[in-house]
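Please have the sequence and the structure in view while reading.

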Amino acid sequence: MNHWIRRHPPTRDLYVAGLLFTFFFLVIAVFQILKPLKSGLFVEHYGAQTELYAKLANVLLAGMAVGIFTGLYNRFSRRRFISVLSGAFAVAFLGLAFLLPDDEQPLLIWTLYFLGDLEVTVMVTAFWAYLTDLARGPDAQRFFGPIGVGGVLGGWAGSSLAKFLLWSAGTKGLLVIAAGLMGGVLLAVAVTESLVRRSSTFNPIQRLHAVPKDQKRAAGGLPDLIEGARLVVRSPYLMSIAGLLGCYEMASQLIDYQFKLAAQGVSGVQATQTFLIDIYLYSNLLSVLAQFFLVGMMMKRFGPRVTLLALPAAITAGSLGFLAMPTLAAVSLLVILDNGLNYSIQQTGRESLYLATTADEKYKARAFISIFVQRLAKGLSILAVLAVGSIGLPAYYLTLITIGAMGIMVVLSLKASRRFGEAVDKSTVIPRTKHVSPAGRSEGNHVLAASA
C-alpha cells in the first residue's frame with residue numbers, strides 16, 4: 001500500500017485531504033455534542049443573565065489560552081503540538097464524565113461550560129492553522145471546500161448524537177463519546193504526518209521541529225501571551241482579519257443572548273437541551289447545504305470577497321425580521337442563519353485569508369485573533385447587553401448593534417479581500433514586518449503571494 005501511494009501523488013493528496021476532513025469533522029462533532037449540554041445545564045440552573053458573567057470570565061480564560069497555545073507551539077513540533085492539545089481535552093472530558101455527580105454540583109457545571117467554549121476556540125484555531133501551514137502547493141486552495149465539509153458534517157453528526165443519545169446516555173455518556181472523538185483526532189494527525197512530507201499539494205516547509213530556545217530569544221524573547229498580539233498590531237492585513245472576526249463575534253453573542261433569553265420559557269433541563277439540539281440541528285443542516293452547494297462555487301468564481309459578504313447580508317436581513325417580529329421563532333431563525341452560514345461560507349472565506357501569511361502568523365497571530373479577540377468581542381457585547389438593560393430598553397433593541405456590526409464587517413471584508421486579491425493576481429507580496437521564523441531563518445519583509 002505504501003509503495004502504491006508513493007507512485008500516485010494525486011491519490012496521496014486525496015488521502016491527506018481526507019485525513020484533514022476527518023480532523024475537522026471530529027473537532028466540530030465534539031463541539032456540537034458539548035454545546036447543548038453545557039448551555040442547557042447552565043441556562044436551566046442559572047439563567048441567561050448569569051451566563052453573561054460567565055462569558056465575561058471567558059475573556060480572562062481566553063488570555064490564558066493564548067499564552068498556553070503559543071507556548072506549546074514554541075516548544076513542540078507540529079505533530080506533538082496538536083497531539084498535546086487533543087489529548088488534554090480527551091482526558092478532561094473523561095475526568096468530567098466520572099466526576100460529574102447526579103446532583104450536578106455548581107463547580108462542575110461551570111467547568112463544563114468553560115471547557116466546552118475552550119475546546120471549540122482552541123481546536124478550531126489549531127485545525128485551520130495546521131491546514132494553512134500544510135497547504136503549500138499551488139492547488140491547495142481547491143481542497144478547502146471539500147475539507148470544510150468535514151466541519152459541517154461533523155456538526156450534523158455531533159448534534160444528531162446528542163439528540164438521540166441524550167436521554168439514554170445522559171451528559172456523562174456523551175462526555176465519554178466526546179473524549180473518544182478527541183482520541184480520533186490524535187490518530188488522524190499521526191497518519192497525516194506520515195503522508196504529508198511526500199505530498200505535492202500539502203507540503204510543509206517549516207515547523208517540522210520545535211523552536212530551539214536560543215532562537216526563541218533571538219526572536220525577541222517576548223512572553224508567549226503577547227507574541228501573537230505583536231504580529232497582529234504590526235500588520236494592517238491581520239488587523240482587518242481581527243476586526244472582521246471581532247465584529248462577527250459581537251453580533252453573534254448578541255443574537256445568542258436574545259435566543260437564550262427567549263429559550264428560558266422552556267422548562268426542564270433535558271427539555272431545554274432538546275430544544276437547543278433541534279435548533280442546532282437545523283443550523284447544521286444549513287451548513288451542510290451551504291458547504292456542499294455554495295462554498296466551492298463561490299470561492300472558485302468570486303474568491304473571498306463575495307464569500308465573506310454572504311453572512312453579513314443574511315444576518316442583516318434576519319435581524320430586520322426580528323426587529324419587526326421579536327418572537328422565539330424569529331430569533332431562532334436568526335440563530336440558524338448565524339450558525340449555519342458562519343461554520344460554512346464565512347469560516348472558509350475568512351480562514352483562506354491566512355494563506356498569504358507566514359508560519360508564525362498562521363499559529364501565533366491566528367491564536368491571538370481566534371481565541372483572545374474572539375472572546376474580547378464577546379465580552380464587549382455583554383457590556384452592551386448590560387448597558388441596554390440598565391436603561392430599561394427591551395433586549396431586541398440589541399439588534400441595532402448587530403446590524404451596525406454587520407456594516408463594519410462589509411467594509412473590512414472588502415478591504416481584506418482586496419489585499420488578498422492583489423497579492424494573488426499580481427503574483428507579488430503582502431508587506432510584513434521582519435521577524436525570525438520558527439525554523440530560525442529571517443523571513444524578511446514580505447510573504448510570497450504564491451503561497452495563496
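At 4% relative accessibility, Ala-377 counts as buried, where buried means under 20% relative accessible area, exposed means over 50% and partly exposed lies in between, all with a 1.4 Å probe and protein chains only. Ala-377 lies in helix H12, and, leaving aside neighbours within four places in sequence, Ala-377 is in contact with Gly-246, Glu-249 and Met-250, contact meaning heavy atoms within 4.5 Å. Ala-377 and Tyr-248 are 129 residues apart in sequence, while their C-alpha atoms are 8.5 Å apart in space.

The model is a predicted one, in which local features need pLDDT of at least 70 and side-chain atom pairs count only at pLDDT 80 or more, whereas totals for chains, interfaces and linings use all residues. Residues are numbered from 1 along each chain as its sequence is written, and side-chain values use heavy atoms, with hydrogens and water left out.

The protein has 13 helices and 2 strands; these are DSSP runs numbered from the N terminus, helices being H or I with at least four residues and strands E with at least two. Of the 452 residues of the protein, 56% count as buried. Among contacts with a separation of 6 or more, 84% join residues 24 or more positions apart.

Two packed helices are described by the angle between their axes and the distance between the axes. Axes here are lines fitted to C-alpha atoms, for helices over the stretch in contact, and angles run from 0 to 180 degrees between N-to-C directions. The table sets out two such pairs.

| Helix pair | Angle | Axis distance |
|---|---|---|
| H4 (residues 106-134) and H5 (residues 144-196) | about 20° | 9 Å |
| H8 (residues 236-263) and H12 (residues 359-390) | roughly 40° | within 8 Å |

With an angle of about 20°, H4 is roughly parallel to H5, whereas H8 and H12 are oblique to each other; angles under 35 degrees count as roughly parallel, over 145 as roughly antiparallel, 65 to 115 as roughly perpendicular and the rest as oblique. The crossing of H4 and H5 is left-handed, and the crossing of H8 and H12 is right-handed. The contact between H4 and H5 involves, among others, Met-123, Phe-127 and Tyr-130 of H4 and Val-185, Val-189 and Glu-193 of H5. In H8, residues including Gly-246, Glu-249 and Met-250 meet residues of H12 that include Val-373, Ala-377 and Ser-381. By class, the contact of H8 with H12 has 14 nonpolar, 5 polar and 3 charged residues.

Phe-23, Phe-81 and Phe-93 touch the most other members of the largest nonpolar core, which has 120 residues; such a core is a set of buried Ala, Val, Leu, Ile, Met, Phe, Trp, Tyr and Cys residues joined through side-chain atoms within 4.5 Å. The largest share of this core, 24 residues, comes from helix H2 (residues 9-75). Not counting residues up to four places away in sequence, Phe-23 touches Ile-82, Met-123, Phe-127, Tyr-130, Val-185 and Val-189. A second, separate core of 8 residues includes Ala-48, Leu-52, Tyr-257 and Leu-398.

Arg-79 lies in helix H3 (residues 78-99) and, at 40% relative accessibility, counts as partly exposed. Apart from residues up to four places away in sequence, Arg-79 touches Val-189, Ala-190 and Glu-193. The C-alpha atoms of Arg-79 and Glu-193 are separated by 7.0 Å, although the two residues are 114 residues apart along the chain.

Terms used. Left-handed = near helix turned anticlockwise from the far one by under 90°. Nonpolar A, V, L, I, M, F, W, Y, C, P; charged D, E, K, R; others polar.
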